[in-house]
Every structure is written in structure tokens, then in C-alpha cells.
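Thank you all for coming; I would like to take a few minutes on one model and go through its computed values with some care.

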Amino acid sequence: MTTSSGTLLAFLISRSTVADRLWIVFSAMIILASLWFTGSEPGEEVVIFRNAQRIEALPLDQPAKRSLPGRLGPVEIEIRDGAARLREFESARMIGTRTGWISATGEIAACVPCGIMIRISGGAPSTPTYDAVAR
Amino acid sequence: MQQPSTTMKPRLHPLLTFLIIFTILPGCSQPQTPHTTTRLVMGTLVTITTWNVPEAQERQGVADAFREMQRIDRLMSSHHPQSLLSTLNRAEENSTIALDPELALVIRRGVEIHQITAGAFDPELRALIRLWNFSGDQPATTPPDPQQLASVLKTQKKRKRNRLINQNPPAMSVGTGGANLDLGAIAKGYAIDRAITVLQQAGITDALVNAGGDLRILGSKGEAPWRIGIQHPRRDGEVIAVSEIRSDLAMVTSGDYERAFVHNDRRYHHILDPETGTPSDSGLISVSVQAPDAMTADALSTAFFVLGEKRSLTLLPDFPDVELLLVRSDGSLHRTAGFIATLRP
Amino acid sequence: MPRHTHYPPRQERRRALWITYLAAAATVTHLFESTLPGLGPWFKPGLANVFALIALLQWDLGAAVGVTLIRITIGSLTLGTFLTPTFLLSLSGSLAALSAMAFMVRVPIRFGVVGISLAASLAHMSAQVVVAAYVIVGHPALLSILPLFLIGAWITGIGNGYLSALVLERLTWYHSPEDESFGSSHYSNHTPLSKAGTCRNPGARQP
């Protein structure tokens, strides 16, 4: 075992230059670093839907504010600190507002009567505990 | 400097290593994950989840399923003044009108369940439902005026009901004061059933259609079952039970927590008792129904909610393949033997 | 595309022949790889790139470009993906890989086959994911999978590099004595590869 791994190592070294080996290590570090950075990000962007039409996608890492005309009046979408929220001002149940800040991939905030929904997408898909909740 | 002679010997090893690497690499395929699409359809968030379907087939099948649900909504919505149902509701009393076959199917099933459940489920409650206005664009925050309610209820009870008079082509004799149809507690179930059929026609064997918490399941997630949580009626984000389902089954829950408002310290929820014309007070706060189809499960969850525990369990033998999970107002549960779920403490 | 070396007529014919051989081998490998289940549509060992690498080191960048373009065109025509998104992915990835190879042999650092192959593989993967994200899906979120895919590209890039080194060593039989003066000078022209002993080293065969 040691001899075969020894000969393999000898082979690996003999066919590469010093620059090759440094480049292998360097590129591995870059990849791992970028993996670490993107890996810790739960979601990447906020996709906005109005009346079942995808109308806009905004990056989650840049602060933004959008005011959209909903069926019941303006709906505000705010993005800050890697999270997004939807606030309606005219909706009896205010479910969208009550959902609060969302940040993980697949999370949804919606004002159904206004016809506006936001959804976090991108990043690694998180595995939800349930496939659906009967309510 | 490396001399070729010194590097000749180990040649076989690395070659073998490469062969091994390249045989193994393509083998480690990514774990299959369910694919989820969410749209606002029928005034609610509808999510269609599929498992292990080729992308193009999935996209086509799911798009068709959403289109089908939108079509059903245009037929049966009680909100859109342009829906076929709204046209029927504008028909003169005592007139005979031709029925769209699909609409006839849903109305017939509704009337059937109305009869078996002794009126606890009623597809002809439009006036009462509009009076309470729980689901309009601007839902009510106060109960209706008692005198108005009494008069609507009186008309409701005295009126001659619609009669389905012909099978082929289907037709209906309109009752007193117009058809008064509201299929809100059954059409969503039918739309879910249609979506499932469309997915099946697209060759999809494993899917989940979830229309605002009313759902129907097809197949499984490969080895694993679909995991469905049942909403805790009093605690947001918590579940009272988990159903692990790996067969075709519909599950619909009706709860007093779905739509409600508080007025003068009293809570009014959206499930109306046709008998009293007010939010049902049967001692149940949540009813989950498992049935082979979502249309039945949808109508029965409302009916059983209104009927209460005792009368529901008496009626249950009339519905083969229907299973129940009831939550009483004190939070205790009753589950029928065949209801697939693991209860959470 | 660049042809930075002018060859004597005989070498010219031989070069054309070699491009054809390598392109044929690359196409067959390409077709074979397309039948592998793979890790999604973009993740393949990229063995076909080995032949472009050989063409580059044996001849020049022009030869590598030729081998690659022939492979992609014939391969996609055979698979029926010509001018489809799959083809676009192949093309963008391969052009990025060629650019990376060209860069690696031109910088004044002694990179060997392995280093060049690694750079080509990383460039290939990056270009494919970027094109997929912006051109095909129109969804920048797709870029988040790049680091994960780069790990695969890193492994296959190094693997392909060593594989190319082995193949190049075995190709030394081909060089008859009268070619060798040309071969050495050709290499010393633009890359210190022969000095590093990482690939074809005609001098070593002489007593």
C-alpha cells in the first residue's frame, strides 16, 4: 500500500512543475474560499410576482425598495440586510405584512388579495421539514 | 529533471487511478430533490411539487395544470362576475337553464353531500356568504346587521331549492330568488382533482398539488413518502400531526383560524352554519379529511366542521374511504382508525 | 486564429494530419461522454479537452482551436444539438478553455501540462456556468453553484492534465530523429515545457 501510494506520489510530482503545484494549491484555496462565501448565503434574490406573472428579480444583498400598485392599493417590497419583506397597507388579513422578513430560499410572502407575491430564490435549496402543510 | 526510464514503472498505477476516478465520477449523481412551482391561482397560493420528472416534461405538465385550475376558476368562481357560475346566479327564478357538464358534475356532488350531511354543507348559500363577506377583496371586519341576517336567513330557508333535472344534456331548474350558488367549499377541491388529472396525463406519477393548504398527492418521493404537516389550529408555524403519504390521496383541512375577525372581543370565523347563519359553533376548531378525491374532502371538511364530532362520526359510514382528524375546542384530538398521521405531542 | 509557428511543408502536412487524428479522437470521446449520466448537463469529465491540450503542446494554439471546433461541430451535429443551448454551452466553455491554455503557455512562468489543464478546466466550467446563468436561464442565482462545480472542474482538470502528460509521453515514439531538432526548437519557442520534463522530451531519448 505504501509503495503503491509512494509511486503514485512520485508520478504526480514528476509530471508537474513547481508552478503547477503552487497553482493547484492556490486555485483550491480560491475555490474553497468562494464556496465558503456563497455557501453561507441562504438565498440569492427576491423574485416578485404580480397576478401570477414574474415581473422582477432583485438581488438580496443590495438594499432596495419597490412600491407596486396592488389591486387594493400600494404594496411595498423592502430588501435590507439579506432579507426581504412585503408590506401591504390595504388588506384585511395583512398576511403578507405579518409574514415579516424572509431570507431563506423558497420562502414566500404574499398579499393574495393584492395579487402580489415575493419569493426568495437562488442559493442552495433548503430542505423543508414538510412537503406541504394542510390548513 | 525526470528521466523517462525512472517514470516508466509506475505508469500502470496512475492509469488505473484515472480509470477508477472517471468511472466513479459520473456515477455520483446529485440527490433528487422535489421541484416546486408556486402561483397565485383561484385567489390563493397554489404550489405544485413534482418529484423526479424530466425538466421539460415537468415544466409543461405543471404549466398545463395551473392553466387547468385557472380554467376551473373562470367556470366556478363566485367572485368573478364574468365566471359561468355568476352567469347562472343571474338567471331568473323558476327558469330552466342548461348547465356546463363540469359545473353540473360539481353541483351534483354538492347537492349529494348536502343531502347526506342534512344540510351542513350547502352549495346554495351565496346570499349568506356575501352578507358575511369573509373572502372578498375587502373582507368584513364587523358581523352583519342582525335584522339583515335574519331576513337573509329566512329567505334562505323558505326558498325553493334548485333542482337538477336532466342528465344529458345537464340542466337545472332555478330555485326561488335565483340559483344562489356558491361553490367556494367544493370547487377548489375539484380544481385540485383536475390539476392532478392533467399532471397524470403529462405522464407525471409523483406530485403534490397544494392549494392554500388543501392538497392532493400522487405517488411518493421515490423511496420516501410525502411528508405533510397538519397546521396547529392555535399556534402559527406549528403542526399537530404529520402524515407520511405514499399513495394517491387527498387531504383537506377546515379550521376556524383560516379567516376570521374580532369584533367587540368576539371572534367570528368563516365557516358558516347554514342552520343559524352564523359562524359554526360545534365544538370543533379544525377538521382534516382524507379522501380519494379533493372535491369530496373539500366539501366534507366544511360539513363535518359544522356537524360537530358526534354527528360527523355517525355519518362517516356513508362515506367509504373517508378518514377524519378532529380537533376539539379544548385542543384534544379524535382520529379515525384509517387516518394516516403521526400525532405530535 | 493564431498560427504562431511556420512549419516546413512536410511538417505542415503532418500537422494537418495530426489535427484530423486528434479531432477524430476528441469527437469520439465527446460523443462517449455525452452518453454518461454525469452530474447534470454541465458536469462531465471533459476528457475531450485532453486532445486539444495535446494539440496545443504537440503543435500550437491553432491546432488546438482546430481540434476543438471540429469536435464541437461534428459532435453537436451528430447529437442533434447543433446551435442549441447545449452547443452554446460547449462552445463557450471550450473557447474559454482555449483562451486559458493560450494564456498559461504565454506567461513567463513554467507551467506544465497539469497546470495548463487545470486552468483550462476551471475556465471551461466558469464560462459554461456564466453563459448558462445569463444567456440561457437569465437567472444570476445560478452563479451560486459555480464554486461547487469548480471543485469538480478542479479534480477533472488535474486528472486530465496527468492523463495528457501520459499520452504525450507515449507520443514521443512518433518523432523520428530528423524531426527532433524541429521539435525541441518548437517548444523552446514559447514554453519551457520540455525543460520541465512534464511532457514530450525528445532530448531524453538520445543517449
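Predicted model: local features only at pLDDT ≥ 70, side-chain atom pairs only at ≥ 80, totals over all residues.

Residues are numbered from 1 along each chain as its sequence is written, chains are lettered from A and ligands numbered from 1 in the order in which they are written, and side-chain values use heavy atoms, with hydrogens and water left out.

At the interface, 29 residues of chain C are in contact with 23 residues of chain A, contact being heavy atoms within 4.5 Å. Between chain C and chain A there is one salt bridge, that is, a side-chain nitrogen of Lys or Arg within 4 Å of a carboxyl oxygen of Asp or Glu, and the side chains that meet in it are those of E169(C) and R15(A), at 2.1 Å, N to O. On the side of chain C that touches chain A, the elements giving two or more residues are α5 (113-136) and α6 (146-170) of chain C, where helices are DSSP runs of H or I with at least four residues, strands are runs of E with at least two, and both are numbered from the N terminus. Of these, α6(C) gives the most, with ten residues.

Turning to chain B, its secondary structure comes to nine helices and 16 strands. Among its contacts between residues at least 6 apart in sequence, 61% join residues at least 24 apart.
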